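Here is a friendly briefing on one structure, covering its core and its charged side chains. Have a look at the model first, then read on.

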Amino acid sequence: MLTREEHLKRSKEAALALLSAGRMREAVSSMMTDIVKSPSSALPHEIHALGICAAAAGDTGAVREYIEGFI
């Protein structure tokens, strides 16, 4: 089983790889689903609205901030 930090690192890497490939919506979706899978990630679901809105607007920088903002 991965630690929270390992899980978060892998999640970010996967999402950033998708973002680098120009797959913004998939990057946000990947991050969302990975974060929900972690039992130690008790976040309000509203936080994901930031990533969803950024992807819908085509704002690569904001999507990157959404992904990298998880600590």
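**A lysine, a core and some ion pairs**

Lys 12 sits in helix H1 (helices are DSSP runs of H or I, at least four residues, numbered from the N terminus). This is a predicted model, where local features need pLDDT of at least 70 and side-chain atom pairs pLDDT 80 or more, while totals for chains, interfaces and linings use all residues. Residues are numbered from 1 along each chain as its sequence is written, and side-chain values use heavy atoms, without hydrogens and water.

**Lys 12**
- Lys 12 is buried (under 20% relative accessible area; exposed is over 50%, partly exposed in between, with a 1.4 Å probe and protein chains only).
- Lys 12 has no salt bridge (a Lys or Arg side-chain nitrogen within 4 Å of an Asp or Glu carboxyl oxygen), and Glu 68, the nearest side chain of opposite charge, is 7.5 Å away.
- Beyond its neighbours within four places in sequence, Lys 12 contacts Met 31, Ile 67, Glu 68 and Phe 70 (heavy atoms within 4.5 Å).

**Salt bridges**
- The count comes to 3 salt bridges.
- Arg 64 pairs with Glu 68, with the closest N and O atoms 3.7 Å apart; both lie in helix H4, 4 residues apart.
- Glu 13 pairs with Lys 9 at 3.8 Å between the closest N and O atoms.
- Glu 26 pairs with Arg 23, where the corresponding gap is 3.9 Å.

**Nonpolar core**
- The largest nonpolar core has 16 residues, and Met 31, Ile 67 and Phe 70 are among those touching the most other members (buried Ala, Val, Leu, Ile, Met, Phe, Trp, Tyr and Cys joined through side-chain atoms within 4.5 Å).
- Helices H1, H2, H3 and H4 each give two or more residues to this core.

Technical notes: Lys, Arg positive; Asp, Glu negative; His and termini not counted.
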